[in-house]
Every structure is written in C-alpha cells, then in structure tokens.
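Reader: I would like to learn how to read strand pairing and a domain interface. Where do we start?

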Amino acid sequence: MGWNLEVAEAKGDYLTETDLWRYTQQFLMNATHTTTYKHMLMKALLECTTELNDSGVLTFRQISRHVTKMYWNLIVTNGLRQVNQIGKLSSVEKTMLAFQATHEIPLTWNFDRLPDEQQQQLIRNVNQFYKKYVYGSFYTAFGETIYSFNRKEEWVKLVPSYVVFFEKYKRVLMNVTNYQLAVFLEKYNTREVMEKILSKIEFVSARQSLDEFKQILLSHGHPVCFYCLKPLRQIHVDHFIPWSYIQNDVLWNFVLACPSCNTSKNNRMAKIDYLYALVERNHELRVAEQMKTYKEAKLIHLYDYAVQNGFEANWVPKK
Ligand SMILES: [Zn+2]
C-alpha cells in the first residue's frame, strides 16, 4: 500500500512526542515481516540527520549512499542473507552479489574500499530500487506522518518534529532497529554467519579507514593533538562526538589526536571548552569541499543531543 505514490505530503497534524513514539513503534513492529528494506531506510535516515539542509530535505541519492554501503557490508563483507518469504534472493542481494562476482571484488572489502566509480554504479542501482518500491511504503508504515516526498525530483523532506525526535532518541531508536534486523536475519542465516550479529549490524556503516580525513586535516592545520596540544608522532583520527552517537563520518566532526588522548577519551565527549575550540577550528576549515553539510548551530545541538542520549561530556586530557 502506498508504494506507487509519486508525490505525497506529510499529514499536517501537530505531533506530540507520544504520537511520534506511537508511529515509530507501529513501524518497528510491522516492518520486518518480508524484507529488511524499510529497516535499512530507517537506519539510513537516523544516520543522515547530520546531512540535512536547512529545510530538512535529503535527496534520494544521499540516502541511497548510506543504504548501499550498509547492504554491501552486510551481504558481501559479512555474508548475511535476507532471502524473502518465497525463498528467492532479494533484488538488492542479487545486485550486490552479481556486482561482486563480475568485478571480482574481494569478499573482505568494505564498501568504502571500492573505487569511486563502482560505488556510484551500485548506489545508482539501489537508488532505482528504493525509488520504485521503498519510499512510498515507508511513508505509509509511518501513518503518512514522517516526510513528504517527490519521486520525480528524488527527495524526501523530513517533518521537523521527527528530526528532533530522531536526534533526541537516536541511540535507543538505532538499538531497536538493529535488534529487529537481527531477529529478521536469524530466520535466514546459519549460526556461523550469525555469530556476533548485533555488533556486525551496529558497525555495518563503519569505515575501514579514516585516512582520507586524516590527510585533509593535516593539509589544513598543524600536526598537534587537538586535545593535549602535543606534537603528533603517531596520528589518530578522533570522532569528536562519538561515532556511536553520530553514526556518520563527516569532516567537521573529526579531529587529529594523539593515541593516548584518543584511547582515554573512548566513547565519551570532551568538556564544553573543546566544543568551542572545534567551532573555531571548523571556521578555519570552512573552505573545504567536505564542509557543505556543516552548520555551527548543528554541531552545538548535536553535542547537546549526544548528552541527552547518555554520552558523558566531561573528559579532559591527562596532565
Ligand atoms: Zn593528546
């Protein structure tokens, strides 16, 4: 139902937090019966909140990049299957496996290791499929409240109260979505492949290397640790707001750190003075191509939201 809509407006009703929970829980309870497509879209939207423009618009292309990366890492790198109820390979699975075989890509390669051209080709394939089948049914599954969308112009526009809701409860929503995916995958996969399934799903979007970001940061500043200011010999790239909250790799959230600071900070956040230092650093970095999604206010909000999600914000480097 709803999957073939061309253009749709989100229902204009005022949504209370109780409404938002109700629609989200209805979605989570009902979305897993036949495929994982809608859950992957949910994960992608949670990841994409850092990339929203001022009017809350995301292009299908932006979303497809996240979905494609997750499916590649799930199906090819981790060998998981999501066979549908009649026992045939799902469409996205077929695409991924055929692509891997044709181009003889090693099974151990994460999506981010594929050459850009191959990534783009896969993203286009997944985008066509999602455009045709998924955006409409996802919209229906959320009681037509979550976004407006236009299939011809290929965008969704998230309702502002959902954006806030996603940021405020991101970790809990991600945990439940991951759990539901695991329950679904359990039906179709062997015990061997299912081993450590929750961490496989949790890290399905993580990159194998952050070197690309290291190079950009090195070319824009001095090689000193962002936190303790000591000159760097061994260089780590640190997610200022922890990856497990932000679930996305954006240049404006990366800093260079020494191994000692990076390890000791771990899954916490540095205290607020460092947030101000990062705002300043990002001001200097603003010319970089990868800063297009950056807004000072967004970074500050995300820091606060991460605290609301249970992340401590009191870390300081050791003296
Ligand atoms: Zn340091």
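Author: With a definition: two strands count as paired if DSSP finds at least two bridges between them. Keep in mind that this is a predicted model.

Reader: How many bridges join E1 to strand E3?

Author: Strands of a sheet pair through backbone hydrogen bonds, either parallel or antiparallel. Here 2 bridges link E1 with E3 (residues 147-150), and the two run antiparallel. Take Val-7: its bridge partner in E3 is Asn-150.

Reader: What is the order of the strands in the open sheet?

Author: E1-E3-E4-E2, 4 strands with antiparallel pairing. E1 (7-8) and E2 (57-59) are the edge strands, each pairing on one side only.

Reader: Now the domains. Where are the bounds?

Author: Domain 1 covers 7-202 and domain 2 covers 211-308. Their C-alpha centres are 27 Å apart.

Reader: What is the count of salt bridges between domain 1 and domain 2?

Author: For a salt bridge, look for a Lys or Arg side-chain nitrogen within 4 Å of an Asp or Glu carboxyl oxygen. The count here is 1. Asp-54 and Lys-295 form a salt bridge through their side chains, at 3.1 Å from N to O. Polar contacts across the interface come to 10 residue pairs.

Notes: Residues numbered from 1 in each chain as written. Predicted model: local features only at pLDDT ≥ 70, side-chain atom pairs only at ≥ 80, totals over all residues. Heavy atoms only, no water. Domains from an automatic or database assignment. Polar contact = N/O pair within 3.5 Å; in protein donor to acceptor, adjacent residues only side chain to side chain.
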